[in-house]
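Hi there,

Here is the structure I promised to pass on. Have a look first, and my notes follow below.

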Amino acid sequence: LRLQNASSDERDAIEKQKLEAEIVLLREQLDRRDLDLAYRDEREDQLRAELDELKETMGASPDDSTNSMFTMLKEMEVVYVAYHPGVGHVSMTSSDIVRYADNPMSYVAEKAFVTEEKYLAWLEHFEHPTCQHHDADGMCGKTIGKISTPGEFDIGSSDRCDLHRKSL
């Protein structure tokens, strides 16, 4: 009712305020996601450093005392945990941690029951849900709905806006 009685300039001002408020909310969401990613990256770096230290300790001297630490952790059934979008917290045993360290994305893709290529494409979509259609004019880039799990994501379809999905 207020908009109906408002002048054109007032309507424009109200619409501008709405858009500015929405932009602020979206920026806050983006900032939170960036912070989450930074924490995840930091934790992953810590895990890699710990793993490198363990590898170095195990590889530096093959005596019993060196291997005993890893053996002790294995016997204690220590479980390692890493967080990845799309699969959540991934628990790993001592035998899994070496495979994870060699190629984390491949390991996580396997846990998500998709290929590494599909997981990486989904992760890019999840972090930046925009149309990936390319033509002579460049990339579309229109914001699209986010697919929340890697298994539901289809490369070339789920990462397209309605217009470019129909043109496939």
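How many helices and strands are there in the protein chain? There are seven helices and four strands. Please keep in mind that this is a predicted model. Reading from the N terminus, the elements come in the order α-α-α-β-β-α-α-α-β-β-α.

The protein chain has 168 residues, and 27% of them count as buried. Its accessible surface is about 11,700 Å², with 53% of that belonging to carbon and sulfur atoms. Looking at contacts between residues at least 6 apart in sequence, 38% join residues at least 24 apart.

In soluble globular proteins, nonpolar side chains tend to be buried together. The largest nonpolar core here has 21 residues, and the members that touch the most others are Tyr80, Met92, Ile97, Tyr100 and Tyr119. Two or more residues each come from helix H2 (8-60), strand E1 (80-84), strand E2 (88-92), helix H4 (94-102), helix H5 (104-111) and helix H6 (116-127). Of these, H5 gives the most, with four residues.

Leaving aside residues up to four places away in sequence, Met92 touches Val78, Val79, Tyr80, Val81, Ala82, Ile97, Tyr100 and Tyr107.

**Aromatic residues in H6**

The structure holds three aromatic pairs. One of them is Tyr119 with Trp122, a tilted pair at 5.6 Å centre to centre and 40 degrees between the planes. Both residues lie in helix H6, three residues apart, or about one turn of the helix. Trp122 also pairs with Phe126, this time stacked, with 4.8 Å centre to centre and 25 degrees between the planes. Trp122 and Phe126 are four residues apart in helix H6, again about one turn. Together, Tyr119, Trp122 and Phe126 form one aromatic cluster.

Which of these residues are buried? Tyr119 and Trp122 both are. Trp122 has a relative accessible area of 0%, so it falls under the 20% cut-off for buried. Phe126, at 22% relative accessibility, counts as partly exposed.

**Salt bridges**

Side chains of opposite charge can pair when their charged atoms come close. There are seven salt bridges in the structure. In one of them, the side chains of Arg40 and Glu127 meet at 3.9 Å, N to O. This pair links distant parts of the chain, with Arg40 in helix H2 and Glu127 in helix H6, 87 residues apart. Arg40 is buried, with a relative accessible area of 13%, whereas Glu127 counts as partly exposed at 24% relative accessibility. Arg40 and Glu127 also belong to a network of salt bridges that includes Asp41.

Another salt bridge joins Arg99 and Glu110, whose closest N and O atoms are 3.5 Å apart. Arg99 lies in helix H4 and Glu110 in helix H5, so this pair ties together parts that are eleven residues apart in sequence. Both ends count as partly exposed: Arg99 at 40% relative accessibility and Glu110 at 42%.

The side chains of Asp159 and Arg160 meet in a salt bridge too, at 3.0 Å, N to O. Both of these residues are buried.

Finally, Met69, Met72 and Met76 make a nonpolar surface patch of about 300 Å². Met69 sits in helix H3 (residues 64-75) and is partly exposed, with a relative accessible area of 39%.

Best wishes

Notes:
Residues numbered from 1 in each chain as written. Predicted model: local features only at pLDDT ≥ 70, side-chain atom pairs only at ≥ 80, totals over all residues. Heavy atoms only, no water. Core = buried A, V, L, I, M, F, W, Y, C linked by side-chain atoms within 4.5 Å. Buried < 20%, exposed > 50% of the residue type's maximum accessible area, 1.4 Å probe, protein only. Contact = heavy atoms within 4.5 Å. Patch = residues over 30% accessible without salt bridge, like charges linked within 9 Å, V, L, I, M, F, W, Y side chains within 5 Å. Areas by Shrake-Rupley, 256 points an atom, 1.4 Å probe, with all protein chains shown as cover. Salt bridge = Lys/Arg side-chain N within 4 Å of Asp/Glu carboxyl O. Phe/Tyr/Trp six-rings, centres within 6.5 Å; stacked < 30°, edge-to-face > 60°.
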